[in-house]
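Reader: I'm new to this one. Could you show me how to read a few features in it?

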Amino acid sequence: MFAPRTTPWPLVALFTAGYLAPYLLPTTVGRLERGLGLSATQAGAVGSALLLSSATAGFLLASRVERTGARTLARLGLVLAALGYGTAALTTAVPAVVAGAVVGGFGSGTATTVAATRIAAERDPHRASTLGLLSVSALAGVVYLTVPRLPGHGLTLAAVALTALAVWPLTSRLPTGASGSRRAGKGAATGTGTARLPHRRSGLVLAGAMVFWSLAQNALWGVSGRIGVTQAHLSEPTVGVVFAVALGAGLLGVVAAGALGSRLGRALPIGGGTVLIAGCIALSASATGLGSFAAGEIAWNTVYPVVLSYLIGLAASLDPRGRWAVLVGSASSLGTAAGPLTGSVLSAQAGFPVMGAVLGAGLLLVALPMTAVALHTGGRPLLPGAVRRRGGHPAAVVAAATGTPTGAVPEVGAPEQPVVEIPVNGTPAPARRAYDTAAATRAPGGR
């Protein structure tokens, strides 16, 4: 029997606090543009500065979570997020808003780094990341339903700040120091060393591909509000409802990803899902009415979190200590940071439809290396015991049934072990009766 799986709610909450700011990016950029009198490019640059600061936190802290302690870094990140976003929400001075967004972004990135590191150490990182995506999508949907009906430039920033404060009490359940910084510490001792990263080539390819993958997502996401208002001729509350419904559809997508688990592997959801996303982006960017705009946004937000959950699981599988999960996540944040500005510049120079075509074509190209990494690198399975032999056939669940340490189970791509016959000492089996013809009156194995 398998041991019951416990839900890592502190990590889910920390994941939500870290990811909420990027999820609210369209309305944040739009509010800054209209509330502070900024141009579209200037508002997009503020959003990019926020996300770039978040990515910087990931690169700086990727190797320090174990030494400093998850609880300490998580609380630092939540404090910075609350102070930064809170300050940006309460002032109308543009320099103070920019500074607050940058500080808050660093706090979000710190929280995300801790969450990614700890999720990678879970027995089932795909399940933990799926729950995190469910949580952040649900919360962002609630914000999109309420904020457009209220005035003010900083309501979305205030929502992120309040979320950081609400998550603070849950950090008491995180480890305080290096000795307890990861749940699978014995696995690290038997697996990779502390100096070298495993799967370095695959990790670098995945990180590089994630830069553009995230850039394309957030280039559209950062200007989706403007597409709905200016090109599709919708009101801001209507656009907010579309976003809320789209995020609700994203919840269904994440639930489907959690239900599928490892049944389809990782290559098909990542490669095929990215191709679908490319088509959704082209549709949404060329929308001229409510129907096409809603169809593009809802379809896109349904598929996007599914692919993202598998990408998070793939990055976590490359290193059980979570270093690749953080580094790939930070590379993704770099693309996310460049997204709003890229989308603003492309749409201003060539228009929304051309922007969507360019981003879609780029996603089709970047789907190839990501799929190759998923096919080439096995890493840890999505679910415990779902180890697969070379050739794709499920192996017997030996580790879970006998208590074998996880480090003793070979990873995909490892040399196959020779089969050795081991004599068993014990009572010999009774001699067979004389061979006879098969008869229906004798059951198989009957005496």
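Reader: Let's start with L52. Is it buried, exposed or partly exposed, and why?

Author: This is a predicted model, by the way. The general idea is a scale: buried means under 20% relative accessible area, exposed means over 50%, and partly exposed is in between. L52 has 42% relative accessibility, so it counts as partly exposed. You'll find L52 in helix 3, residues 40-61.

Reader: Which residues make a nonpolar surface patch with L52?

Author: F59 and L334 do, and the patch covers about 240 Å².

Reader: Which backbone oxygens lie by the Q231 side chain, and at what distance?

Author: Take the backbone oxygen of A285: it lies 2.9 Å from a polar atom of that Q231 side chain. The backbone oxygen of A287 lies 2.6 Å from a polar atom of the Q231 side chain too.

Reader: Now helix 14. How many Å should it span, and what is the distance between its end C-alpha atoms?

Author: Count 1.5 Å a residue: the 28 residues of helix 14, residues 323-350, should span 40 Å. The end C-alpha atoms are 39 Å apart, which agrees.

Reader: Where is the kink in helix 14?

Author: Look at G339, shortly before the proline P340: the kink there is about 35°.

Reader: And which residue follows helix 14?

Author: That's G351, with a positive phi near 95°.

How values were computed:
Residues numbered from 1 in each chain as written. Predicted model: local features only at pLDDT ≥ 70, side-chain atom pairs only at ≥ 80, totals over all residues. Heavy atoms only, no water. Patch = residues over 30% accessible without salt bridge, like charges linked within 9 Å, V, L, I, M, F, W, Y side chains within 5 Å. Areas by Shrake-Rupley, 256 points an atom, 1.4 Å probe, with all protein chains shown as cover. Salt bridge = Lys/Arg side-chain N within 4 Å of Asp/Glu carboxyl O. Helix = DSSP H or I, 4+ residues; strand = E, 2+ residues; numbered from the N terminus. Buried < 20%, exposed > 50% of the residue type's maximum accessible area, 1.4 Å probe, protein only. Expected span 1.5 Å × (residues − 1). Bend = angle between axes of the 7 residues up to and from the residue. Polar contact = N/O pair within 3.5 Å; in protein donor to acceptor, adjacent residues only side chain to side chain.
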